[in-house]
Amino acid sequence: MFAIRRSNRIITSIKRTIFRASLSQSSRNLSSAPFCLQIKTIRDVRKNQQRLSYFSTAADPIYDDESPPIFINLQEEIDDANERYRDILAIRDTNDIRGRGLFSLRPFKTGDKVMSSLVLSTQSKRSQYTLQKDWDLHVNLDLPSRFANHSCHANIGVRDNDDGGYDFYALEEIKEGAELVWDYEMTEWEVGSMDTCLCGCERCRKKFGGFKKSGEVIKKNYGEFFADYLKK
């Protein structure tokens with residue numbers, strides 16, 4: 001099994017090398033292309049980063065080497081995340097308006113680390129896909145964490161990690177096949193990209209107000225599992 005996984009990663013590495021070469025050949029000034037700017041941002045962030053620590057629930061580290069992943073398209077990024085988290089969780093279609101989500105491939109006990117995340121880029125203002133890390137710091141995270149959907153009754157919560165992102169922990173017993181959902185207001189002081197919550201759970205708050213409005217509810221429901229900057 002390990003040999004198969006290693007072989008798959010070697011193939012992916014070869015594909016990325018070919019893609020890098022095609023980029024170089026097609027344009028001498030890579031910084032002129034928006035996608036290349038994104039690649040450069042990822043490269044600069046991870047350039048000197050050491051091999052990441054092992055998951056408490058996985059047998060493999062996040063990445064096999066120190067080189068930054070470069071993906072040709074979103075599907076390749078999804079495939080890479082699903083491979084790294086094989087037998088742990090998977091990005092799948094939700095078969096509803098939300099599109100994609102994260103689903104457990106094994107049971108988790110309360111307190112288990114479910115997944116970790118790494119920062120791809122940072123910015124001073126929030127966007128639809130960023131998570132807030134400080135008052136003027138918003139981060140874009142790698143997969144699979146970006147595909148975790150919101151619920152006002154979350155089964156995973158966040159803790160700040162040493163890599164500038166968040167680790168996600170089981171807040172309750174999670175069965176195999178369950179969708180992994182977290183509460184956006186665990187990290188966001190305000191939620192600017194949406195207004196009405198459609199999670200449909202029994203304790204749905206109906207409106208997004210961010211931690212600014214729902215802080216006491218977040219503390220009551222999730223204990224310590226929310227962003228550190230909101231605890232100051």
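Modeller: Accessible areas here come from the Shrake-Rupley method with a 1.4 Å probe, and for residues only the protein chains shown count as cover. On that basis the chain exposes about 12,700 Å², and carbon and sulfur atoms supply 51% of it. This is a predicted model, in which local features need pLDDT of at least 70 and side-chain atom pairs count only at pLDDT 80 or more, while totals for chains, interfaces and linings use all residues. Residues are numbered from 1 along each chain as its sequence is written, and side-chain values use heavy atoms, with hydrogens and water left out.

Biologist: What percentage of the residues count as buried?

Modeller: Of the 232 residues, 47% count as buried, meaning under 20% relative accessible area; exposed is over 50%, and partly exposed is in between (1.4 Å probe, protein chains only).

Biologist: And which elements does the chain have?

Modeller: There are four helices and ten strands, taken as DSSP runs numbered from the N terminus (helices H or I, at least four residues; strands E, at least two). Their order from the N terminus is α-α-α-β-β-β-β-β-β-β-β-β-β-α.

Biologist: Which residues of the largest nonpolar core touch the most other members?

Modeller: They are Leu-89, Leu-102, Met-115, Ile-156, Tyr-166, Trp-182 and Met-186, out of 43 residues in that core. Such a core is a set of buried Ala, Val, Leu, Ile, Met, Phe, Trp, Tyr and Cys residues joined through side-chain atoms within 4.5 Å. Elements that each supply at least two residues include α3 (74-84), β1 (89-93), β8 (156-160) and α4. The largest share, four residues, comes from β9.

Biologist: What does Trp-182 touch?

Modeller: Leaving aside residues up to four places away in sequence, the contacts of Trp-182 include Leu-131, His-150, Ile-156, Val-158 and Phe-168; a contact means heavy atoms within 4.5 Å. Trp-182 also belongs to one aromatic cluster with Phe-168, Tyr-184 and Phe-208.

Biologist: Turning to aromatic pairs, how many are there?

Modeller: The count comes to seven. Rings of Phe, Tyr and Trp (its six-membered ring) pair if their centres lie within 6.5 Å; planes under 30 degrees apart count as stacked, over 60 as edge-to-face and the rest as tilted. Trp-135 and Tyr-229 have ring centres 4.9 Å apart and planes at 90°, so this pair is edge-to-face. Trp-135 lies in the loop between β5 (131-134) and β6 (137-141) and Tyr-229 in the segment after α4, so the pair ties together parts 94 residues apart in sequence.

Biologist: Are those two buried or exposed?

Modeller: Trp-135 is partly exposed, at 42% relative accessible area, whereas Tyr-229 is buried, at 1%. Another pair, Tyr-169 with Phe-225, is tilted, with 5.9 Å between centres and 45° between planes. This second pair links Tyr-169 in strand β9 (residues 166-170) to Phe-225 in the segment after α4, 56 residues apart.

Biologist: Which charged end sits over the ring of Tyr-169?

Modeller: That of Arg-159, 4.7 Å from the ring centre. The rule asks for NZ of Lys or CZ of Arg within 6 Å of the ring centre and within 35 degrees of the ring normal. Arg-106 likewise lies over the face of Phe-108, at 4.5 Å from the ring centre.

Biologist: Lastly, where is Glu-185, and what is its relative accessible area?

Modeller: Glu-185 is found in the loop between β10 (179-182) and α4 (210-222). Glu-185 is buried, with a relative accessible area of 0%. Beyond residues up to four places away in sequence, Glu-185 touches Arg-205, Lys-207 and Phe-208, among others.
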